[in-house]
Amino acid sequence: MTKNPWEPYIESLRQQLEEQDPVVLVGVIVALAVVVITCVFLKYFLTSKTVRSAVLLVGLCDSGKTLLFIRLLSGKFKRTQTSITDSSAPYKAKNDRNCTWTLIDLPGHDSLRSQYLEKFKSAAKAIVFVVDSAIFQKEVRDVAEFLYMLLTDPVVYRIAPTLLVVCNKQDVAMAKSAKLIQQQLEKELNTLRVTRSAALSAQDGSVGGSVYLGKKGKDFEFSQLPMKVEFLECSARGSKGKDGDGDIESLEKSLAKL
Amino acid sequence: MLDFFTIFSKGGIVLWCFQGAGVSESFTGPVNALIRSVILQERGGNNSFTHEALSLKYKLDNEFELIFVVGFQKILTLTYVDKFIDDVQLHFRDRYKNELEQKGALKLLNNTFDFEDRFKKLLREAEETSKARSPVPMRSFKESEKSQKTVKSMIETKGGDKSKEQGGKKNKNTKKEGKRRGCLYFNCILFIMMIFTTRSKSPKPPKPKGKVNRVWDNGGSSTKNLDYSNKNGETSLGEDQKNLEAQFDPVSSPWPEPSGGFGGMFGMLKGLVGSKSLSREDMEPVLEKMRDHLIAKNVAADISSQLCESVAKKLEGKVMGTFTTVASTVKQALQDSLVQILQPKRRVDILRDVMEAQSQRRPFVITFCGVNGVGKSTNLAKISYWLIENGFSVLIAACDTFRAGAVEQLRTHQRRLNSLHPPEKHGGRPVVQLYEKGYGKDAAGIAMEAIAYARNQAFDVVLVDTAGRMQDNAPLMTALAKLIAVNMPDLVLFVGEALVGNEAVDQLVKFNQALADHSMSDKPRLIDGIVLTKFDTIDDKVGAAISMTYITGQPIVFVGTGQTYNDLRSLNARAVVGALMKA
């Protein structure tokens, strides 16, 4: 019978363990178990990706985001004012899979826009960009600038959430159609690519978003973007005003397809 | 009497509204104007705002994230409005506490808030109390205090004789009516008690006072106190300790004395962990420190106090999260408001606007104004370099006809810029041209001719350089206002140096005032943007940026960081706020 070379060590270890107080032994075993469990948990949490389940409602001031938010959630009409903070609520998409997204309505005012976008952009599964179709002609450059800022943000570029451009206020007679808005935005973004890349760098040396929209050499088109872009028409107020329903079926269908 | 009353959440959903009888206009416009001008521009110090014919008062409820706004005609002076808003807020909170406490917007949407009858009752009560307090009738001479005094008592003598006389006279008047009788008797009793206590001391004969050495408060008694050779290392430590203590004070305030027992222990834990709502007293020390910190960083003094007031209003009643201290909440809120102030309220893209003007076949006119010596001509040259680099042709209008060498300075810049971008490479035409008419002429006339010349020769941009002038100099301010009103430039840029402190407020206010007063139209052209120069000379004392944007509400378009053509930057709001909040 070969002698186990570690036998004397095992013997001495056994002797030492028996000499110890059993309470101390139990304490040591519990501590080791806790450490092991913590390591397992950390590994689990660190490797899991952040779940992206938010649908962000963004757009210029007064484009109808808050009313759209209310219509999507409850179908009712409520008066709204300029939002100064975000509102969020769970939204059940009308499809067979019955998935719930978190619908988040961000304020559109220029001074608050970027702060709230910073907070929520990493969790975005889809971005609903609301455009006021009635006064679009006057606001083309502002809309395009906001859209440009959104599309060239490095985080948004990396995540590539679905972009739904909703042309709101279709109940007004002078509202432009979605196709026209798409063409105008493409033209405007084409120009903005050039002027923005020539813009001055910031005073601490940091340069703005280094993402170049679309393909160099060719005119900008929304199909060149890495994310899915869709243009929809809808009217949050609806043709009958306060009493009727809003006309948001196309938006609900697109949200169901996410 | 009220035009309207609304209650809406900070997310924008109107929970309940009331429109006065006979009022047909929607109140959405005025309330939006209130939100944009006051709340978003951090001018929340005083709670009233006038918009056209209406006067609006508001109140923030930070615990449930609600805003209460009341509007009434400006010409009426209603005295019960402040108290009325407070009452309505309390009643609304009590009644709908359950619905409001739920986080998330769904509860707000699904509930209809039937506040109508309660509101009408409160309104009736408020109106009645204001009517009940009818104007007080004037007192007759016999009732006034002056008739109580004797002539002798009103003569000042050395010694304590006056009070004795007054007390005696007061005792005589017994015929009084109304509530004042009780008050008067109470006062009499107090006086009698006072007289008896003073009578117990025997009046001392006044001593002839010799000359006494005057003692100053700050002056020491001997020079031994000025010897700091032993204490050299200690004073700095003492100051640091004081700072640490000041920081820890807000946290330690919920800690009761150790002899409090278990009740005290629970209170302390609750203050640290549980939901504690912020009150003015908690925030006061932190806000004081923040105000001093901002002033030390070169933010103008009254703007710092207005900012701190606005942050206090925003945080009052807010429920803090677990393990957050008062100091960190206040700091975070202040940081957010500063970033909000520095973010431009409109699109700032000069190149795009120049392209727009190009497509309309007219030149884009930029005017530079400011006080003496801030760097207008230097930064004008830098901006023209940037524009040339991007392919535009520039005409410089030398409207500084006062300062010696101003025209020559611009001519030198023109020559240098043309040598950097020779005309052969740009279609045979020099990219920069100078339009000047020498010295002593009228600046507004030169500007008008320059713009007409640019339109004829198809220049893309006209940069108008004006003479530096002090804001108090009325004739020069009138001349500047005339130049701007007559020529209607596309962009009026105020050039201010980053070294300026409290002066920035005065400069900007007076410049804007002059531009508004001397313009004929009802929509006067005011300052559209700010150029912040000499930014490289300040380390992290970047407060001037905040002062200037707060006063005008206009964005900082360019930042000048040196004397060469390349030293032109744009503003990064976060970096500036980071430098500002850094300790």
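Begin with chain A shown as a surface: its accessible surface comes to about 14200 Å², of which 56% belongs to carbon and sulfur atoms, with accessible areas taken from the Shrake-Rupley method with a 1.4 Å probe, where for residues only the protein chains shown count as cover. What you have open is a predicted model, in which local features need pLDDT of at least 70 and side-chain atom pairs count only at pLDDT 80 or more, while totals for chains, interfaces and linings use all residues. Residues are numbered from 1 along each chain as its sequence is written, chains are lettered from A and ligands numbered from 1 in the order in which they are written, and side-chain values use heavy atoms, with hydrogens and water left out.

Followed along the sequence, the pattern of chain A reads α-α-β-α-β-β-α-β-α-α-β-α-β-α. Of its 258 residues, 46% count as buried, where buried means under 20% relative accessible area, exposed over 50%, and partly exposed in between (1.4 Å probe, protein chains only).

Next, select Ile37(A), which lies in helix H2 (residues 22–47) of chain A and is partly exposed, with a relative accessible area of 48%.

Now move to Leu60(A), in the loop between strand S1 (54–59) and H3 of chain A. Is Leu60(A) buried or exposed? With a relative accessible area of 8%, Leu60(A) is buried. Not counting residues up to four places away in sequence, Leu60(A) touches Lys65(A), Gly108(A), Arg113(A), Val130(A), Glu139(A), Asp142(A), Val143(A) and Phe146(A), a contact meaning heavy atoms within 4.5 Å. One of these, Val143(A), is 83 residues away along the chain, yet its C-alpha atom is separated from that of Leu60(A) by 6.9 Å.

Bring chain B into view, with its 21 helices and 13 strands; of its 583 residues, 43% count as buried. Where the chains meet, 43 residues of chain A are in contact with 54 residues of chain B. The area buried between them is about 4200 Å², of which carbon and sulfur atoms give 55%; buried area is the accessible area (1.4 Å probe) that two parts lose on being put together, summed over both.

Between chain A and chain B there are 6 salt bridges, each a side-chain nitrogen of Lys or Arg within 4 Å of a carboxyl oxygen of Asp or Glu. To see one, select Arg36(B) and Asp62(A), whose side chains meet at 3.4 Å, N to O. The largest share of the side of chain A that touches chain B, 6 residues, comes from H4(A).

Finish in helix H4 of chain A at Ser114(A), which counts as buried at 17% relative accessibility. Its side chain is joined to that of Gln343(B) by a polar contact of 2.8 Å; such a contact is a pair of N or O atoms within 3.5 Å, and within protein one must be able to donate a hydrogen and the other to accept it, residues adjacent in sequence counting only if both atoms are side-chain atoms. Not counting residues up to four places away in sequence, Ser114(A) touches Gln343(B) and Arg574(B).

Notes
Helices (H or I, at least four residues) and strands (E, at least two) are DSSP runs, numbered from the N terminus.
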